[in-house]
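Welcome! Please take a moment to look over the sequence and the 3D structure before reading on.

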Amino acid sequence: MTEIPEHLRKRAEAAKAKAKAAAGGDTPAADAPSADAAGGTAPAGDEKIPSHLLDRGTAAADMPAIPAGASAVPAGGSGPDGHNQRLLTVVKSGSIQDTRAMPVDKVHVWPHLLVAEFLAALVITLFTLLFSIFVNAPLLELADFNKTPNPSKAPWYFLGLQELLTMFHPMVAGVTIPGIGLFLLIMAPYIDKNPSKRPEDRKFAISLMTIHLMFWSVLVMIGSFFRGPGFNFVFPWNAGLFFEL
Amino acid sequence: MADGKKSGGMSQLSEQVQASQAWGSIFRPGSIFRKGYSDSPRNRSYVIMNSVLYHLHPVKVKRHAVKVSYTLCLGGLSFFLFILLTVTGIFLMFFYRPTAAQAWEDIQILQTAVGFGLLVRNMHRWAAHLMVLSVFLHMARVFYHGAYKPPREFNWVIGVMLLQFTLLLSFTGYLLPWDQLALWAVTVGTNMMGFTPVFGEQVRFVLLGGVEIGTDTLLRWYTLHVLMLPFVLVIFLAIHFWRVRKDGGISGPL
């Protein structure tokens, strides 16, 4: 069963109580003359229903008492039992209507989401601000074409590629491998046909992605911290750090 | 006595302001700035419905979607860092000329002679690295949740494009200080691009605006960095955000 929201339930209860109070006020007045209930309500109805309709209604109500074929029967009722509707078909609610079996549990964006977003923005701003107060961005000496620094390193996110350059021909390392990697990444939703999102059903996809991410992370780490002069392998605790952000 | 008179005047003034045509033209009917805010489900809806936020967020989202442990805020943080980078970047543009003769000196002056110059440049630099990181982590998060599966396949494609634009933005910005770090990092990077098969030389020539890195390269990368790439990125961002909602909000719980 769906749980009725608190405020709606309260409103419905209030309305019910009000209706009850109104009915309670009426019935004693109707009961007071100790007449039957029909007699009590009929005079109230008389004021609004046009007299010719009322006559027809009372005639119809009296019908069972009148023998069949009597002139008092109105022309309308031609079917069995005087009804003129027929049941054509039964349409089940699920077949043409999009009925939701499980109602979705939702919360208001304000305040639940906006407050979290605001706090996150505040935290990241504070972090950036504090970090910037204490750590300066590098600005080395003026660019000089005649003075190649040793080692020359790409920005950190490209150091994985630079690391591949030490192992493969530049076309393979700089174009083919990242190109294929990127292509596979873009095509992931079209390659991975497994409809399940549960981790236990997608062990292969998760392993593959983890290996892929680890592969690049390790390459970037090596390129960043373990490459010294001549882009040779060094240990940072021996040779020092050759890394600028 | 004087205080009471003043506050009475103030409330009268604020009533007049709120009844004015100007106020009514700024805030939509139903806006909480017109009729005040008291906490009720209806007003909670109005906060979103009658403000520009309605372009970004629906009135309600699935309960699990607001769990920080699910999204780690990474997508939102990436977007916010982009805004922070835009703001700090505009500040830097006031003090920077993209020519080989002036660029480095402009930054030197910015850091030493401009109020908050050093701080803002630091923030721009660190926020840029953070954005690369957060976009990358956002991608990993989306993959591990299987959130790229139907109907969200194409939004994943747009997301990977956004990752590439982020990297390109960072890389084009890397050259701008025109110091030894910038020059040689970009030399390494563009040499790699020169190995593109068939038209590698042409790719490199277009990127550098010549056969070698020089003042033309600086102007070219500056334009890419401050204008073209942000412009393209914002368009893709808009599509990305729009698709998040059209594909039924963020992906369901696992």
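The report below goes through the elements, the interface, the cores and a few backbone details.

## Before we start

This is a predicted model, in which local features need pLDDT of at least 70 and side-chain atom pairs count only at pLDDT 80 or more, while totals for chains, interfaces and linings use all residues. Residues are numbered from 1 along each chain as its sequence is written, and chains are lettered from A and ligands numbered from 1 in the order in which they are written.

## Chain A at a glance

Chain A holds 9 helices and 1 strand. Here helices (H or I, at least four residues) and strands (E, at least two) are DSSP runs, numbered from the N terminus. Starting at that end, the order of elements in chain A is α-α-α-α-β-α-α-α-α-α.

Chain A has 245 residues, of which 11% count as buried. A residue is buried if 20 or more other C-beta atoms lie within 10 Å of its own, exposed if 12 or fewer, and partly exposed in between, with C-beta atoms placed from the backbone. Two residues are in contact if their C-beta atoms, also placed from the backbone, lie within 7 Å. Of the contacts in chain A with a separation of 6 or more, 39% are between residues 24 or more positions apart.

## Where the two chains meet

Across the interface, 60 residues of chain A are in contact with 67 residues of chain B. On the chain A side, two or more residues come from each of strand 1 (106–108), helix 5 (109–134), helix 6 (159–165), helix 7 (170–191) and helix 8 (203–225). Helix 5 of chain A gives the largest share, 15 residues. By class, this side of chain A has 39 nonpolar, 11 polar and 10 charged residues. In this count Ala, Val, Leu, Ile, Met, Phe, Trp, Tyr, Cys and Pro are nonpolar, Asp, Glu, Lys and Arg are charged, and the others, Gly among them, are polar.

Strands pair if DSSP finds at least two bridges between them. Within this pairing, A:Val107 stands opposite B:Val61.

Helix 4 (residues 41–49) of chain B has B:Arg44, B:Tyr46, B:Val47 and B:Ile48 as its buried residues. They pack against strand 1 and helix 5 of chain A, together with helix 3 (32–35) of chain B.

## The nonpolar cores

A nonpolar core is a set of buried Ala, Val, Leu, Ile, Met, Phe, Trp, Tyr and Cys residues joined through C-beta atoms within 7 Å. Which residues touch the most other members of the largest core? Among its 57 residues, they are B:Leu81, B:Ala127, B:Met131, B:Trp178, B:Ala182 and B:Ala185. At least two residues of this core come from each of helix 6 of chain A and, in chain B, helix 6 (74–93), helix 7 (103–113), helix 8 (117–144), helix 9 (153–175), helix 10 (180–193) and helix 12 (215–246). Helix 8 of chain B gives the most, with 11 residues.

Leaving aside residues up to four places away in sequence, B:Leu81 touches A:Ile124, B:Ala127, B:Leu130, B:Met131 and B:Ser134. Another core, of 5 residues, lies apart from the largest one and includes A:Val109, A:Trp110, B:Val47 and B:Ile48.

## Two packed helices in chain B

Helix 9 and helix 10 of chain B pack at an angle of about 135 degrees, with their axes 7 Å apart. Axes are lines fitted to C-alpha atoms, for helices over the stretch in contact, and angles run from 0 to 180 degrees between N-to-C directions. That angle makes helix 9 of chain B oblique to helix 10 of chain B; angles under 35 degrees count as roughly parallel, over 145 as roughly antiparallel, 65 to 115 as roughly perpendicular and the rest as oblique.

B:Phe171, B:Tyr174 and B:Leu175 of helix 9 meet B:Ala182, B:Ala185, B:Val186 and B:Gly189 of helix 10. This contact has 6 nonpolar, 1 polar and no charged residues.

## Backbone details

One joins A:Asn150 and A:Pro151, with omega about 5 degrees, and A:Pro151 lies in the loop between helix 5 and helix 6 of chain A. Another joins B:Pro150 and B:Pro151, also with omega about 5 degrees, and B:Pro151 is in the loop between helix 8 and helix 9 of chain B.

A:Phe231 has a positive phi, near 55 degrees, without being a glycine. A:Phe231 is partly exposed, because 18 other C-beta atoms lie within 10 Å.
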